[in-house]
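Subject: Structure handover

Hello,

Here is the structure you are taking over. Please open it beside this message and follow the residue numbers as you read.

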Amino acid sequence: MESITFGVLTISDTCYHEPAKDRSGRRLMALIGESFDNSQVIAAVLPDERDLIQRELRKWIDRDDVRVIITTGGTGFAPRDVTPEATKPLLDKDCNQLTLAIALTSLKKTKFAALSRGVCGIAGNTLVLNFPGSEKAVVECFEAVRELLPHALHLIGNNVELVARTHAEVQGTAQSEAAVPSLVKRDHVCPHKTGAGDDVDRNSPFPMVPVHQALDTILTVVQRNNESNQEMDQLRSPVNIPPFRASIKDGYAMKSTGFSGTKRVVDCIAAGDKVNEHPLQEDECFKINTGAPVPTHADCVVQVEDTRLLQRDKYGEESLVDILVEPKAGLDIRPIGHDMRKGDKVFPAADYSPVVYKSLLASVGIKQRQRKPKVGIISTGSELLAPHQPAVAGKIYDSNTTMLEELLLYFGFDCRQKLVLGDDLAGIKMSLSALIDTVDFVICTGGVSMGDKDYIKPVLEELNFKLHFGRVNMKPGKPMTFASRGNKYFFGLPGNPVSAFVTFHLFALPAIRWADGWERAKCPLPIINISLLNDAIDLDSRPEYMRASVTSINGKLHASVNGDQISSRLQSIVGADVLIHLPGRTAEKPQAHAGEIYSASVLRYDFISRYE
């Protein structure tokens with residue numbers, strides 16, 4: 001039987017901020033591994049926020065390989081316990097008896113199990129189970145469903161033969177071992193050939209891992225920077241905003257006890273002036289601009305639109321106005337510290353957008369450099385020319401370093417150093433060794449495939465890097481490689497420009513964001529559902545990520561593939577709004593057709609090219 005992927009989602013404000021405290025999620029992952037030998041597990045930790053929980057669940061449900069999702073936490077009576085509310089809208093079918101089985105098992109252990117509100121159900125082809133948050137409860141609930149899961153998945157997948165065999169086993173008409181192919185049997189053989197990569201076996205020695213497994217590996221290996229998060233959490237404002245009572249409107253400051261009617265204009269106050277402490281009578285007012293400090297003896301501002309000018313003095317200045325509305329105390333005044341009080345948190349929540357970070361610090365007068373992961377870029381190939389060099393026979397211009405540098409800038413990160421290296425083993429080793437000492441991440445293009453000049457993997461091994469994977473089951477981007485040494489990380493992207501473009505977005509960018517302290521759910525590109533406009537597209541044997549432009553038609557999103565998708569054709573990124581996730585070809589599904597709905601990764605902020 002093929003490998004089964006489980007999703008384990010821990011929901012806890014505490015564990016989200018301190019992942020080391022997540023004992024329930026880790027215990028659940030261990031139980032799954034002990035019970036089902038051919039299982040894989042993806043995991044995440046989220047705060048008790050309904051929208052975030054629902055978004056992560058939906059992302060996992062949309063994946064073809066995730067068959068079981070188990071959440072732990074957020075099922076109680078507390079105000080922030082919202083896991084069932086996040087789960088229910090996503091379910092196509094309720095599994096009330098399964099919920100009951102879990103409840104009855106738990107009630108045998110403790111009467112407090114009655115205070116859990118977890119739900120179970122089916123979403124698409126995925127079984128979703130809500131468990132409580134304690135480690136003890138997780139063990140009890142898992143024991144209640146462990147033996148039921150294989151048959152449940154056979155039923156959900158409409159595997160008629162296996163369902164019939166299970167029924168026969170239950171009724172005693174078949175031998176148990178032959179009757180039910182077990183979920184725990186380790187019989188999966190990877191269909192993608194691997195070997196020694198030598199003259200005898202010229203297949204790659206690296207197994208071809210699924211895209212989701214590659215990303216999970218990366219985000220497990222890369223260390224998240226919690227210092228920036230802690231700094232933002234601890235940073236307090238040294239000032240009040242505003243530091244004085246500020247006028248919200250252009251108008252007239254006065255005493256609210258003076259009622260409406262004629263007022264003498266005694267002075268004019270502009271933004272930037274000091275607070276005016278001049279005594280003020282009830283029939284007097286100050287003309288005042290937006291943002292200016294309200295005079296000491298005024299308690300309201302009436303906007304210009306609610307007044308009428310009656311008279312100017314000999315200098316042309318306003319001297320008499322008619323107030324047309326009844327003034328009210330506090331009207332159109334921002335009190336001291338209204339937006340932020342001295343000692344308040346500058347950042348109510350962690351936000352790593354440079355716009356947000358720098359703007360908020362500027363607003364309270366703090367100059368502090370935002371720590372960002374240091375990234376270096378390498379492009380390999382003796383055939384490469386810099387864009388400013390004259391053309392040379394047999395050589396091509398290098399676009400990869402420019403493309404990757406601009407992508408880093410687009411997403412808020414900087415490139416510390418760029419190198420273009422020839423296919424020379426010693427030169428690559430020396431340059432990479434020097435570069436890795438100065439940066440946190442190296443993004444390299446080329447040199448990771450099976451050519452006799454592809455030196456990157458041997459060099460990484462000589463430099464004591466651990467190669468976590470060397471091939472990914474995807475198109476384009478199969479030779480994608482990820483390695484690490486301590487807190488240094490290496491991404492070996494394929495040399496073809498489009499392959500580098502796709503793998504940067506799917507793997508390198510999420511890793512850099514994670515290292516920068518981002519929430520895990522926000523590290524990958526946002527995913528939307530789109531309807532295909534192309535009449536028919538032949539599917540590849542590997543899952544494919546096609547560049548496409550998006551059109552909004554009557555409020556619904558549709559995508560058109562951008563012409564020839566060969567990985568060397570950089571023009572396919574022109575107008576590319578998304579990467580459409582097309583599944584691998586099967587006998588039952590050889591093509592994708594117009595009108596079918598597919599997931600798509602959003603490549604840019606302005607991702608809708610046309611409206612119709």
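A residue is called buried when its relative accessible area is under 20%, exposed when that area is over 50%, and partly exposed in between (1.4 Å probe, protein chains only). Cys15, with a relative accessible area of 9%, is buried.

Before the rest, some notes on how to read the values. This is a predicted model, in which local features need pLDDT of at least 70 and side-chain atom pairs count only at pLDDT 80 or more, while totals for chains, interfaces and linings use all residues. Residues are numbered from 1 along each chain as its sequence is written, and side-chain values use heavy atoms, with hydrogens and water left out.

Overall picture

The protein has 612 residues, of which 47% count as buried. Its secondary structure comes to 16 helices and 30 strands; helices (H or I, at least four residues) and strands (E, at least two) are DSSP runs, numbered from the N terminus. Contact here means heavy atoms within 4.5 Å. If you take the contacts between residues at least 6 apart in sequence, 70% join residues at least 24 apart.

Confidence

The term pLDDT stands for the predictor's confidence in each residue, from 0 to 100. Its mean over the protein is 87, and 90% of the residues reach 70 or more. Strand β11 (residues 300–303) has the highest confidence, at 98, and helix α9 (residues 176–179) the lowest, at a mean of 36. Over residues 162–192 the pLDDT is below 50, although this stretch has 43 contacts in the model beyond near neighbours in sequence. Where pLDDT is low, the predicted coordinates should not be read in detail.

Cysteines

How many disulfides does the structure hold? It holds zero, where a disulfide is a pair of cysteine sulfur atoms within 2.5 Å. Take Cys285 as a case: its sulfur is 10.0 Å from the closest cysteine sulfur, in Cys300, which is too far for a bond. Cys285 also counts as buried, at 0% relative accessibility.

Helix α10 (residues 211–221) is mostly covered, with eight of its 11 residues buried. Among them are His212, Asp216 and Val221.

His468 is in strand β20 (residues 466–469) and is partly exposed, at a relative accessible area of 23%. Which residues does His468 contact, leaving aside its neighbours within four places in sequence? They are Thr217, Val221, Phe482, Ala483 and Ser484. Val221 is 247 residues away from His468 along the chain, yet their C-alpha atoms are separated by 9.0 Å. The side chains of His468 and Ser484 are joined by a polar contact of 2.7 Å. A polar contact is a pair of N or O atoms within 3.5 Å; within protein, one must be able to donate a hydrogen and the other to accept it, and residues adjacent in sequence count only if both atoms are side-chain atoms.

Lys488

Lys488 sits in strand β22 (residues 488–493). It is buried yet has no salt bridge, and the nearest side chain of opposite charge, Asp440, is 4.5 Å away. A salt bridge is a side-chain nitrogen of Lys or Arg within 4 Å of a carboxyl oxygen of Asp or Glu; for charge, Lys and Arg count as positive and Asp and Glu as negative, while His and the chain ends are not counted.

What does the side chain of Lys488 reach at 3.1 Å? That is the backbone oxygen of Ile436. The backbone oxygen of Val439 lies 2.8 Å from a polar atom of the Lys488 side chain. Beyond its neighbours within four places in sequence, the contacts of Lys488 include Asp437, Phe465 and Ala483.

Backbone details

Two prolines follow cis peptide bonds. The bond from Ile241 to Pro242 has omega near -5°, and Pro242 lies in the loop between α11 (227–234) and β7 (246–247). The bond joining Lys475 and Pro476 has omega of about -10°, and Pro476 is in the loop between β20 and β21 (481–485).

Asp332 is not a glycine but has a positive phi of about 55°. It is found in the loop between β13 (318–323) and β14 (333–334), and it is buried, at 16% relative accessible area. Asn464, also not a glycine, has a positive phi near 65°. Asn464 is in the loop between α15 (456–462) and β20, and it is exposed, at 61% relative accessible area.

Regards
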